[in-house]
Amino acid sequence: MERFLLCLAGFLLTSSAFAQSPIIEGFRVVQVGDAVQLDWFIPQGLSCLNMEVQRSEDSLAFATLNTVFGLCGSNDSDSPYDYTDAEHDPGRRTYWYRIYASSGTVVSEVLRLNYRQFEPGQLILSPNPLTGAGTAQYVSLSGENLRLRWVNLQGQEIKTQLPGAPGQFDLQRNDLPAGVYVLQVISENGEIRDTQKMVLP
């Protein structure tokens, strides 16, 4: 009887999840080095749901990469999930990602990623435009300490940040106004290693 009630509770959680929209929130797809990191969460109380991570090369035909099993019983907080997609064809390609629920219903938006072949000495910003959180990556062959500088189009330095991990800077829009910013990778002696423009819509 107890087992039956647990199964029924799981079914009710899943059924109620499909009755609300959106089920998947905070869905984010970011290239991290040669891999792609996917993050999302299910809101509080809607946690018992199995999900398929799917990828497409043409935005039409999607293939399942992995099944992520939902956590049951988390009624007090949001349930975060993540998946790393490390399999890609060589070269620069465009991919589309989405999350399917266990019943086969689409529960996430479809996100596009312009995958770039990662080369040392090149600053890669993702996503760009930046609406919330993102990543700036720069691999230095010399292993020197680097920092990332934000400059507006008037040449004013907005902020400077240190890497959160070797060669990786966490980007946060926070309260920055909309516009175009120049992001520069700066060496210890102040030399600019690479520069890319970042759009904040």
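Biologist: How many nonpolar, polar and charged residues are in the lining of the second largest pocket?
Modeller: The lining has five nonpolar, four polar and one charged residues. Please keep in mind that this is a predicted model.

Biologist: Which residues line that second largest pocket?
Modeller: Tyr138, Val139, Ser140, Gly143, Glu144, Asn145, Leu146, Pro163, Pro166 and Gly167 line it.

Biologist: And what volume does the second largest pocket have?
Modeller: The volume is about 170 Å³. The largest pocket holds about 460 Å³ of space.

Biologist: Let's go to the largest pocket, then. Which residues lie nearest its centre?
Modeller: Arg112, Ser126, Pro127, Asn128 and Pro129 do, out of a lining of 22 residues. By class, that lining comes to 10 nonpolar, seven polar and five charged residues.

Biologist: Which strands supply at least two residues of the lining of the largest pocket?
Modeller: Those are β1 (25–32), β7 (111–115), β8 (124–126) and β14 (192–200).

Biologist: Where does Pro127 lie?
Modeller: Pro127 is in the loop between β8 and β9 (133–137), and Pro129 lies in the loop between β8 and β9 too.

Biologist: What about Leu130, is it buried or exposed?
Modeller: Leu130 counts as buried because its relative accessibility is 0%. Its place is in the loop between β8 and β9 as well.

Biologist: So what does Leu130 touch, leaving out residues up to four places away in sequence?
Modeller: Leu130 is in contact with Trp150, Leu171, Arg173, Met198, Val199, Leu200 and Pro201. Take Arg173: it sits 43 residues from Leu130 along the chain, yet their C-alpha atoms are separated by 7.0 Å.

Biologist: What is Arg112 in contact with, leaving aside neighbours within four places in sequence?
Modeller: Thr94, Tyr95 and Trp96. As for Glu57, it is 55 residues from Arg112 in sequence, with 9.6 Å between their C-alpha atoms.

Biologist: Switching topic: which residues touch the most other members of the largest nonpolar core?
Modeller: Ile24, Phe27, Val29, Leu38, Trp40, Met51 and Tyr97, in a core of 22 residues. At least two residues of this core come from each of β1, β2 (35–42), β3 (51–56), β5 (79–85), β6 (93–101) and β7. Another core, of 16 residues, lies apart from it, and its members include Leu123, Tyr138, Leu146 and Leu148.

Biologist: Why would nonpolar side chains gather like that?
Modeller: In soluble globular proteins, nonpolar side chains tend to be buried together.

Biologist: Could you zoom in on Leu38? What does it touch, not counting residues up to four places away in sequence?
Modeller: Leu38 touches Phe27, Arg28, Val29, Val53, Tyr81, Asp82, Tyr83, Asp85 and Tyr97.

Biologist: Last one, the overall picture. How many helices and strands does the protein have?
Modeller: One helix and 14 strands. Buried residues make up 41% of the 201 residues. The accessible surface is about 10900 Å², with 51% of that belonging to carbon and sulfur atoms. Among contacts between residues at least 6 apart in sequence, 55% join residues at least 24 apart.

Key: Residues are numbered from 1 along each chain as its sequence is written. This is a predicted model: local features need pLDDT of at least 70, side-chain atom pairs count only at pLDDT 80 or more; totals for chains, interfaces and linings use all residues. Side-chain values use heavy atoms; hydrogens and water are left out. On a 1 Å grid over the protein atoms alone, a cavity is a set of points where a 1.4 Å probe fits but cannot get out, and a pocket is an open set with protein on both sides within 12 Å along at least five of seven lines; lining residues have an atom within 4 Å of a point. Grid points are joined across faces, edges and corners, and a volume is the space filled by probe spheres set on the points. Helices (H or I, at least four residues) and strands (E, at least two) are DSSP runs, numbered from the N terminus. Ala, Val, Leu, Ile, Met, Phe, Trp, Tyr, Cys and Pro count as nonpolar, Asp, Glu, Lys and Arg as charged, and the others, Gly among them, as polar. A nonpolar core is a set of buried Ala, Val, Leu, Ile, Met, Phe, Trp, Tyr and Cys residues joined through side-chain atoms within 4.5 Å. Buried means under 20% relative accessible area, exposed over 50%, partly exposed in between (1.4 Å probe, protein chains only). Contact means heavy atoms within 4.5 Å. Accessible areas come from the Shrake-Rupley method with a 1.4 Å probe; for residues, only the protein chains shown count as cover.
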